[in-house]
Amino acid sequence: MKRRIKKVAVVGSGIMGSSIACHFANIGVEVLLLDIVPNELSDKEKKQGQSLEDKSVRNRIVNNALQTCLKSKPSPIYHQDFAKRITTGNLTDDIQKVKDVDWIIEVVVERLDIKQQVFEKLEKHRTPGTLISSNTSGIPIKFMTKDRSDDFKKHFCGTHFFNPPRYLKLLEIIPGPDTSGEVLEFLNHYGEKFLGKTTVVAKDTPAFIGNRIGIFSIMSLFHMVKEMDMTIEEVDKLTGPVIGRPKSATFRTVDVVGLDTLVHVADGLYENVPKDERHELFKLPGFIDKMMNNKWLGSKTGQGFYKKIKKEDGTSEIKSLNLDTLEYRDKQQAKFDVLEKTKSVDKVADRFPILIEGKDKAGEFYRKNFAALFAYVQHRIPEITDSIYKIDDAMKAGFGWKHGPFQIWDAVGLDKGIELMKKEGYEIAEWIENLSQSDHKSFYTVKDGQTYYYDMDQKSNAKIPGQDDFIILDNIRANKEVFSNKGLSATDLGDGILNIEFRSKMNSIGGDVLNGLNTAMDIAERDFDGVVISNTGDNFSVGANIGMIFMFAVEQEYEELHGAIKYFQDTMMRMRYSSIPVVAAPHQMALGGGCEISMHADKVVAHAETYIGLVEFGVGVIPGGGGSKEMTRRAAMTFQKDDVELNRLRENFLTIGMAKVSKSAQEAYDLNILEHGKDIVVVSRDRQLAVAKQHALLMAENGYTQPVKTNSIKVLGRQALGAFLVGTDQMKAGKYISEHDQKIANKLAYVMSGGDLTGSHYVSEQYLLDLEREAFLSLCGERKTLERLQHMIKKGKPLRN
């Protein structure tokens with residue numbers, strides 16, 4: 001019988017419990033969230049005359065915890081309406097309800113005795129065959145099921161969600177001694193497909209995989225910073241985006257997570273891995289002890305390695321901690337010669353060989369750091385896992401690394417990595433020596449679009465499981481690319497579908513991308529059955545190339561600017577009225593032009609973490625690539641008899657005028673950027689391209705026909721224009737917007753009203769595009785607009801508000 005997850009119970013409503021409950025609600029699962037009954041009344045409850053028997057009192061702990069979670073930022077839930085899928089209760093009155101769920105997830109305090117007590121109570125009500133797991137971050141799974149039934153043990157394992165569950169992809173699955181293979185296989189598949197996770201099956205060892213390697217890496221840096229006499233700014237400069245790590249790098253990340261959290265895991269490792277060859281490294285350095293004593297734990301206490309100071313003039317500045325004096329000082333700029341050599345290297349993997357050859361302090365740092373990392377991970381096989389790719393997957397999904405340790409090692413070269421380790425005095429593992437002397441010479445290879453890893457036991461390459469459901473562009477591009485230029489690449493996905501991907505800086509849309517789009521569409525309409533627009537960048541697209549717009553505007557080259565904007569509009573209409581289906585697959589930021597591309601596709605297959613919006617107001621213009629037209633058209637499509645049509649139009653006007661950006665793909669439906677019944681949202685980023693391809697193929701196979709251009713878009717003329725102008729006057733009078741903001745809003749009002757028409761009219765898309773382009777060009781000549789453009793270019797920011 002196929003296992004289905006329709007309802008889950010989450011036991012424990014703390015930060016993790018409530019967040020896990022929210023993520024299951026995100027994907028449409030009904031959730032029962034339970035916690036304990038309070039022992040005494042709160043002051044507020046006493047004043048209201050309530051008793052310990054009142055339901056609101058008995059559920060106070062769980063209700064307060066869930067509401068606190070729902071109000072937190074970033075939000076744990078895709079859409080606030082999804083919270084209705086969560087029912088709360090308590091472990092005294094409602095525990096019997098677990099008999100109706102398909103999966104019970106325990107998320108109580110990290111104490112073995114308490115967990116065992118909870119499991120004893122749950123088993124009395126659990127239906128045999130129901131999945132049950134513990135969200136522990138380190139307690140041995142083998143101890144948890146003491147005195148439990150065989151059925152309980154068979155369906156029990158550890159499920160370690162990384163915090164916050166919505167945003168961090170890692171889900172570690174840790175089998176107990178009696179966990180069935182069917183349960184492991186199901187959870188591995190369910191976590192990846194339905195929860196959008198990178199699922200990694202780990203052995204039942206201290207801190208499992210992610211935290212074992214991640215905490216080692218951080219502790220190694222804590223000791224190295226003193227050894228090499230480095231500042232925290234220098235370490236953060238060297239361990240951030242330049243090597244494919246988050247912007248928060250090392251010390252800022254610790255501030256965000258909380259120093260106490262890191263210390264708790266490090267102490268646990270020091271206590272529980274006495275035979276680890278780097279055991280002493282998990283012992284806290286002196287400056288960490290002092291920070292713990294001072295309660296300098298990071299953001300939660302207002303200061304850690306960094307501290308925000310409010311100055312007398314009301315502005316703020318960030319101070320940094322001097323690790324020698326433990327006093328805060330002005331932040332220092334960190335500059336290194338070797339980093340300058342990597343500025344023109346776009347692919348992070350290509351930077352590693354350059355960085356380790358640096359002759360400055362940074363080069364020495366990288367040689368020491370990578371040597372320590374390589375030496376440590378080589379000895380964790382087979383202790384924490386039998387497969388190298390699981391370590392890499394855990395670090396990428398749990399800690400935000402673009403490349404895992406073995407992938408970094410491949411980038412610098414197997415023998416070079418061995419050389420670095422020997423120079424630092426590390427022992428080389430026998431299996432690494434064997435690999436070096438074999439014909440393989442690398443940890444990973446790609447064959448027929450699939451990734452293979454070196455299997456230590458078999459001493460040969462083995463295919464990484466689970467890839468058949470994915471399309472990995474990086475694996476097929478070299479052999480399947482049919483066209484490319486500086487800004488764009490088109491790749492044959494097979495089955496008659498062509499993928500178009502941007503590859504400009506931040507995937508911004510300029511001349512190369514537009515030229516490439518048109519050429520790729522020519523090829524697709526001639527040789528293919530459908531198109532997907534997707535890419536593997538950090539963001540789908542941050543919008544138009546504002547540097548190009550600024551250059552034309554400041555030089556008053558309005559004919560060139562007019563041509564560029566019309567070319568953008570024409571390209572969007574080319575997609576809209578193509579003879580083959582076009583599917584857009586946005587992810588992360590899809591702003592300005594990136595949003596306009598999505599809105600002109602036949603279908604959008606958006607990743608759940610898509611932050612999409614028309615943000616051109618932020619630089620003093622209106623959407624000029626068809627966005628203003630499209631929002632007008634979409635409002636007109638919703639007009640119904642006896643409906644207050646102006647209200648529908650006003651919603652879309654405010655979406656543009658307030659530069660609204662969805663905080664998830666689900667919120668994009670509220671903004672009328674995604675359309676119900678046409679566009680879909682997928683939770684798995686790994687599956688997104690394959691799903692988009694399936695939809696393009698389905699449309700083609702179902703007899704896709706080129707759409708007919710419409711001349712029946714209803715615009716409201718002066719009725720709407722007058723209302724909008726009155727509104728902007730009031731906003732200006734109330735000092736909510738500036739004079740320039742009012743000018744932009746009035747231009748948008750003119751476009752979305754269809755111009756100064758005496759009444760309602762039916763117009764074409766081209767009519768609205770002409771109005772849109774005229775308004776855009778007139779605003780580009782405004783001094784305030786040029787100042788905003790120049791400011792954003794200097795800051796290197798995407799086109800966003």
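Helix α25 spans residues 627–637 and includes Thr632. The model is predicted. The relative accessible area of Thr632 is 2%, so this residue counts as buried. A polar atom of the Thr632 side chain lies 2.8 Å from the backbone oxygen of Ser628. Apart from neighbours within four places in sequence, the residues in contact with Thr632 are Leu649, Val715, Met752 and Leu768.

The cysteines come next. The structure contains zero disulfides. Cys22 is in no disulfide, and the nearest cysteine sulfur to it belongs to Cys69, at 4.2 Å.

Three strands form an open sheet in the order β12-β13-β14, and their pairing is antiparallel. Strands β12 (444–447) and β14 (460–463) are the edges, each pairing on one side only. From one strand to the next, the twist averages 40°. Strand β13 covers residues 450–455 and is joined to β14 by four bridges in the antiparallel sense. Across from Tyr452 stands Lys463, a residue of β14.

Terms used
Residues numbered from 1 in each chain as written. Predicted model: local features only at pLDDT ≥ 70, side-chain atom pairs only at ≥ 80, totals over all residues. Heavy atoms only, no water. Pairing = 2+ DSSP bridges. Helix = DSSP H or I, 4+ residues; strand = E, 2+ residues; numbered from the N terminus. Axes fitted to C-alpha atoms, helices over the stretch in contact; angles between N-to-C directions. Disulfide = S-S within 2.5 Å. Buried < 20%, exposed > 50% of the residue type's maximum accessible area, 1.4 Å probe, protein only. Polar contact = N/O pair within 3.5 Å; in protein donor to acceptor, adjacent residues only side chain to side chain. Contact = heavy atoms within 4.5 Å.
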